[in-house]
Amino acid sequence: MAENTEESAAQQAALPVEDPNKLTNARVLANLRRMFGEDAFTDVDEPYGLLTITTTRERIHEIIQKLHQDEEMLFQFLTTMCGIHYPDHEGKELGMVYQLHSLVHNVRLRLKIFFPIADPVVPTLTDVYATANWMEREAYDFYGVIFQGHPNLIRILNVEDMDYHPMRKEYALEDGTREDKTDLFFGR
């Protein structure tokens, strides 16, 4: 009898253990698709276990507002939101990344949207999360994303008379005219 117990334990140990993070992400994704429809999300991925999905700027406010208010999901903490710039992605040069956290369930979710640099308008989330105010001003300041409905969309870290957005990849990282330094020791 003891041998059977040991064999059974060895067989169970050999079985692959399902990653609880994957199970949670699958449950969250199923809820999202149930709430908003199959076509609301594209590019579903799980880098480092973080459920990451892409949607559209037309739906982002609705989705985040419902996730914040939903009694089951409880994504009531906006961890961060930031701008991104991919100059080679025609028609989708600019984007925003929103990271939400359900403190009750200890679940994180990353949402992305992309839009043309010629039309950088996105709805504000200041009516959902008070912390979005500062983050949206930062994205405006550094990337030029205009948040429609923001109560005070002005620069927050750069000088107000600056006429460009310094985090866009259209600007050189370093001053190419400098002669006082050598790149010999820096691998460049």
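Predicted model: local features only at pLDDT ≥ 70, side-chain atom pairs only at ≥ 80, totals over all residues.
Does M135 count as buried or exposed, going by its relative accessibility?

1. Let us settle the opening question. M135 has a relative accessibility of 11%, and buried means under 20%, so M135 counts as buried. You will find this residue in helix α4, which covers residues 132–143.

2. What does M135 touch, once its neighbours within four places in sequence are set aside? The contacts are L78, T79, T80 and M81. Take M81 as an example: 54 residues separate M135 from M81 in sequence, yet their C-alpha atoms are 6.1 Å apart in space.

3. Now for the overall layout. The protein contains four helices and seven strands. If you walk along the sequence, these elements come in the pattern α-α-β-β-α-β-β-β-β-α-β.

4. Of its 188 residues, 36% are buried. The accessible surface is about 11900 Å², and carbon and sulfur atoms provide 52% of that area. Among contacts with a separation of 6 or more, 51% are between residues 24 or more positions apart.

5. Next, please look at a pair of helices. Two packed helices are described by the angle between their axes and by the distance between those axes. For helix α2 (residues 20–36) and helix α3 (residues 57–69), the angle is about 120 degrees and the axes lie 12 Å apart. Angles of 65 to 115 degrees count as roughly perpendicular and those over 145 as roughly antiparallel; α2 and α3 are therefore oblique to each other. Their crossing is right-handed.

6. Which residues bring α2 and α3 together? From α2 come L32, M35 and F36, and from α3 come R59, E62, I63, K66 and L67. This contact is made up of five nonpolar residues and three charged ones, with no polar residues.

7. K66, one of the α3 residues in that contact, deserves a visit of its own. With a relative accessibility of 39%, K66 counts as partly exposed. Leaving out neighbours within four places in sequence, K66 is in contact with M35 and F36. K66 can also be placed relative to V128: the two are 62 residues apart in sequence, and their C-alpha atoms are 9.6 Å apart.

8. Finally, a word on backbone angles. Most residues other than glycine have a negative phi. Which way does the phi of L74 go, positive or negative? L74 is not a glycine, but its phi is positive, at about 55 degrees. This residue sits in the loop between α3 and β3 (77–85). L74 has a relative accessible area of 17%, so it is buried.

9. N106 is also worth a look: its phi is positive, at about 50 degrees, although N106 is not a glycine. The loop between β4 (94–102) and β5 (107–115) holds this residue. Is N106 buried or exposed? Its relative accessible area is 59%, and exposed means over 50%, so N106 is exposed. L74, by contrast, is buried, so these two loop residues make a handy pair to view one after the other.

Terms used:
Residues numbered from 1 in each chain as written. Heavy atoms only, no water. Axes fitted to C-alpha atoms, helices over the stretch in contact; angles between N-to-C directions. Parallel < 35°, antiparallel > 145°, perpendicular 65-115°, else oblique. Left-handed = near helix turned anticlockwise from the far one by under 90°. Contact = heavy atoms within 4.5 Å. Nonpolar A, V, L, I, M, F, W, Y, C, P; charged D, E, K, R; others polar. Buried < 20%, exposed > 50% of the residue type's maximum accessible area, 1.4 Å probe, protein only. Areas by Shrake-Rupley, 256 points an atom, 1.4 Å probe, with all protein chains shown as cover.
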